[in-house]
Amino acid sequence: MPGSIRSSRTGALAGVAFFFPVLWRGFGYKSHPRRSLQIHADFNKHPRPPLGAFVHRRVNVFVYLNDDWNEAWGGDLELWNRQMTSCDARIAPLLGRLVVFSTTDFSYHGHADPLLTPLHRSRRSIAQYYYSTMPQREEDRIKVKTHSTLYQTRLCESCRTPVCHGQPH
């Protein structure tokens with residue numbers, strides 16, 4: 001089945017071994033001028049999958065649709081470490097750029113700085129979310145607790161540098 005082959009390849013890109021891959025959601029997103037998306041880790045289980053049981057969110061896939069994007073507008077996807085002390089990667093939302101990453105309880109990401117686009121421009125993307133019947137690790141099968149989105153507060157005002165020099169609160 002082509003969908004399963006694609007899902008397996010997507011999982012391999014993110015370092016995830018799927019036991020039963022499911023593409024459950026795909027959305028178009030549009031961020032408007034002066035808006036942001038707080039740094040967060042996504043919810044970890046979906047309660048009503050097509051199989052009738054919980055499935056675990058495992059991989060996020062983003063494709064950006066922004067032609068002629070100006071770096072000064074911001075909107076970079078920030079990927080943070082588990083302790084929220086370092087922005088490990090900043091990825092500009094350029095046309096055709098593909099981002100694939102494993103979804104865990106600490107895969108913090110977002111674009112926390114408000115967009116500085118002209119009023120007629122927005123930051124556009126397509127997102128796909130892949131699920132598995134198995135959690136991230138075998139030992140998590142018993143102890144994984146369902147949670148909604150885990151929003152985080154950056155310890156620094158802006159993270160255009162690779163290391164956040166903020167202090168924990």
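Here are some questions and answers about a predicted model.

Residues are numbered from 1 along each chain as its sequence is written. Local features need pLDDT of at least 70 and side-chain atom pairs 80 or more, while totals for chains, interfaces and linings use all residues, and side-chain values use heavy atoms, with hydrogens and water left out.

Me: How many salt bridges does a search of the whole structure find?
Reply: A salt bridge here is a side-chain nitrogen of Lys or Arg within 4 Å of a carboxyl oxygen of Asp or Glu. Searching the whole structure on that basis, the count comes to seven.

Me: How far apart in sequence are the parts that R121 and D67 tie together?
Reply: These two form a salt bridge, with the closest N and O atoms 3.9 Å apart. R121 sits in the loop between β8 and β9 and D67 in the loop between β4 and β5, so the parts they tie together are separated in sequence by 54 residues.

Me: Is E78 buried or exposed?
Reply: E78 pairs with R154 in a salt bridge, closest N to O 3.1 Å. Buried means under 20% relative accessible area, exposed over 50%, and partly exposed in between (1.4 Å probe, protein chains only). E78 has 1% relative accessibility, so it counts as buried.

Me: Which residues are linked with R90 in a network of salt bridges?
Reply: R90 meets D76 in a salt bridge at 3.5 Å, N to O. E78 forms one with R154. The network that includes R90 also holds D76, E78, D113 and R154.

Note on methods. Helix = DSSP H or I, 4+ residues; strand = E, 2+ residues; numbered from the N terminus.
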